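Here is a brief report on one protein model. It covers a salt bridge, a pair of helices and a surface patch.

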Amino acid sequence: TPAGFISIVPRSLPRPELLVAVSGAAELGCAALLAGEKSRSIGGLASAALLIAVFPANISMAIRSGNQPPKFRAIAWARLPVQIPLVLWARRIARENR
């Protein structure tokens, strides 16, 4: 269900429903590219770009998590620094599969 994802799209961005649909399709596309041996390099680059593109939504979710239970807030804030190694990992996959 997209409602949870729509709620974390930064308020300054237009058409959150469309953005969520596009990012979901992009995730599936990245997964497909990573699964293929010949497309893994582009899949790594696309995954790194997608992780960077959705980072503002993760920041928005953390900032707006004040009314949520403590566990939710902790996860929302903890996931922010995790994005860095995920981006680096995706770039490494791209580099190693050239």
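E96 and R92 sit 4 residues apart in helix α4, about one turn of the helix. Helices here are DSSP runs (H or I, at least four residues), numbered from the N terminus. The two residues form a salt bridge, with the closest N and O atoms 3.4 Å apart. The rule asks for a side-chain nitrogen of Lys or Arg within 4 Å of a carboxyl oxygen of Asp or Glu. By this rule the count is 1 salt bridge.

E96 counts as exposed because its relative accessibility is 56%. R92 is partly exposed, at 38%. Buried means under 20% relative accessible area, exposed over 50%, and partly exposed in between (1.4 Å probe, protein chains only).

**Basis of the model**

This is a predicted model: local features need pLDDT of at least 70, side-chain atom pairs count only at pLDDT 80 or more, and totals for chains, interfaces and linings use all residues. Residues are numbered from 1 along each chain as its sequence is written, and side-chain values use heavy atoms, leaving out hydrogens and water.

**Helices α2 and α3**

Helix α2 (residues 16–35) and helix α3 (residues 40–63) have axes that come within 7 Å and cross at roughly 155°. Axes are lines fitted to C-alpha atoms over the stretch in contact, and angles run from 0 to 180 degrees between N-to-C directions. The pair is therefore roughly antiparallel, a term for angles over 145 degrees.

**Nonpolar patch**

I59, I63 and W77 make a nonpolar surface patch of about 310 Å². Patch residues have over 30% relative accessible area and no salt bridge, and nonpolar side chains (Val, Leu, Ile, Met, Phe, Trp, Tyr) are joined within 5 Å. Areas come from the Shrake-Rupley method with a 1.4 Å probe. W77 lies in helix α4 (residues 70–96). W77 is partly exposed, at 47% relative accessibility.

Key: Patches are made of residues with over 30% relative accessible area and no salt bridge: like charges are joined within 9 Å, nonpolar side chains (Val, Leu, Ile, Met, Phe, Trp, Tyr) within 5 Å. Helices (H or I, at least four residues) and strands (E, at least two) are DSSP runs, numbered from the N terminus. Angles under 35 degrees count as roughly parallel, over 145 as roughly antiparallel, 65 to 115 as roughly perpendicular and the rest as oblique.
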